[in-house]
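Thanks for coming. I have one chain to go through today, so please look at the sequence and the model first.

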Amino acid sequence: QHEMAFQSLNRGLFKAGGGAACLVSATTSFSSYLGDRAVVTTVDKAVQNRAHHLLAHRSLQQPKFFSSKASLSTEATQGAPASLKAAEDAAAKKIEQAAKPAATTPEKKTFVEWYEGHLERNPLPTKMITGSCLWGIGDLTAQVVPHYASGTDKPFVYDWPRTGRAVLFGFALHAPTSHLHFNFLEYLTNRVGVTGLGIPVFKTIMEQFVYWSWISNSMYHAAMGLMQGMTFHQIYQRLEDVLWDTQKAQWAFWIPVQLLNFQFVPVRHQLNVVLVTSIVWTALLSAWYPPVEEEEKPKEEAD
C-alpha cells in the first residue's frame, strides 16, 4: 500500500508539470495517514527533497503557492509543458465556440414531422381537425363515386349540407369520443395484462362486440337524424331499422382492419387509420346501397 501511494505521488508530480506546492501539501496528508512508521521518514524525505529541489530550481518560494487558489493555478500552468498549454488553449477555444449561440437556420420539416409535433403537443384538437377533414373527404367520395359509377345521365348535384353534417360529426363527436375509446382500450388491455398476439385479438373483441361499435354506429345514425331534423321517435325507428345491418357490415369489413391496426400501429395513430380507412368504407357502403335504393327507403319509412 505504501509503495502504491508513493508511486501515485510521483505520478501526480509529473502530471502536474512540476507542481511542487501540490506535492508538499500531499506529503503532509500522506504522513498523517501513515503515522509514525519507519517508512514515513523515507517517503517524506524523498518526496520533500524532490519538491524543494523543484522549488529552488524555479526560484519559487513556498508561501507564494499557498497565498490563494488562483496563484496556485497560475504557477502550475506556468510550469506546465508547452504541449499541455497548447492543449488547454485548444480546449478553451472549443468551450468558447460551444458557448456562442450558433446561427440557427430554421429546418424545413416534412408534413409527417409537422403533424407528429402537433399530435404530441395537442393530441385532441389535432385529431378533431383531422377527423373533420377526413369525414368530409369520406362524404365527398360517397357522393361522387356512386353517381359516376352508375353511369346515369342525370346531372350531378352535390349535397353540401350533407358534407357539412359529416364534417361537424367528425369534428365534434366522432374524433373526441374515439380519442377516449382508444386510450381507454389501451388502459384496459394493460390492466387485464394481455400480452403478445393476444393484444390485437382482445382489443378487437372489446371494440367490435362488447361496446364501441354499438356506441359509434348508434351515435352516427342518431346524430345524422338529429341534424336532418328528425324527431326522437323517428331517430329511434331509424336505429331499429338500420343498426343491425350496419353492425353485420361493420364486422365483415372492420375486424380484419382493426386486427392489423391494433397489432402494428401506435395508439396515437390508430384513430387516423380508422379515419383514412373510413373513406374506403363509405365508398363501399355507397356502392352496396346505390342512390336509387336510398331514394326509395325514405318512402318506405314514411309508409
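**Contacts, core and rings**

Among contacts in the chain between residues at least 6 apart in sequence, 65% join residues at least 24 apart, where contact means heavy atoms within 4.5 Å. This is a predicted model: local features need pLDDT of at least 70, side-chain atom pairs count only at pLDDT 80 or more, and totals for chains, interfaces and linings use all residues. Numbering starts from 1 along each chain as its sequence is written, and side-chain values use heavy atoms, with hydrogens and water left out.

The secondary structure comes to 14 helices and 0 strands. Both kinds of element are DSSP runs numbered from the N terminus, helices being H or I with at least four residues and strands E with at least two.

The cut-offs are under 20% relative accessible area for buried, over 50% for exposed, and partly exposed in between, with a 1.4 Å probe and protein chains only. The chain exposes about 19500 Å², and carbon and sulfur atoms supply 63% of that area. Accessible areas come from the Shrake-Rupley method with a 1.4 Å probe; for residues, only the protein chains shown count as cover.

Now the core. Which residues touch the most other members of the largest nonpolar core? They are Phe169, Met206 and Trp254, in a core of 25 residues. The elements that give two or more residues to this core are helix 8 (123-150), helix 9 (160-192), helix 10 (198-210), helix 11 (212-227), helix 12 (232-264) and helix 13 (267-288). A nonpolar core here is a set of buried Ala, Val, Leu, Ile, Met, Phe, Trp, Tyr and Cys residues joined through side-chain atoms within 4.5 Å.

Take Met206. Leaving aside its neighbours within four places in sequence, Met206 is in contact with Leu185, Leu188, Tyr211 and Trp212. Met206 also belongs to a helix pair: Met206, Glu207, Gln208, Phe209 and Val210 in helix 10 meet Trp212, Ser213 and Trp214 in helix 11. The axes of these two helices, helix 10 and helix 11, come within 4 Å and cross at roughly 45°. Axes are lines fitted to C-alpha atoms, for helices over the stretch in contact, with angles from 0 to 180 degrees between N-to-C directions. Helix 10 and helix 11 are therefore oblique to each other; under 35 degrees counts as roughly parallel, over 145 as roughly antiparallel, 65 to 115 as roughly perpendicular, and the rest as oblique.

Next, Leu275 in helix 13. Is Leu275 buried or exposed? Leu275 is buried, with a relative accessible area of 2%. Beyond its neighbours within four places in sequence, Leu275 is in contact with Thr130, Gly131, Leu134, Trp135 and His174. The C-alpha atoms of Leu275 and Ile137 are separated by 9.9 Å, at 138 residues apart along the chain.

Last, the rings. The structure holds 15 aromatic pairs. The rings of Phe111 and Tyr115 have centres 6.2 Å apart and planes at 25°, so this pair is stacked. Rings of Phe, Tyr and Trp (its six-membered ring) pair if their centres lie within 6.5 Å; planes under 30 degrees apart count as stacked, over 60 as edge-to-face and the rest as tilted. Phe111 is exposed at 61% relative accessibility, whereas Tyr115 is buried at 13%. For Trp244 and Trp251, the ring centres are 5.7 Å apart with planes at 85°, so that pair is edge-to-face. Finally, Tyr148, Phe156, Tyr158 and Trp160 form one aromatic cluster.
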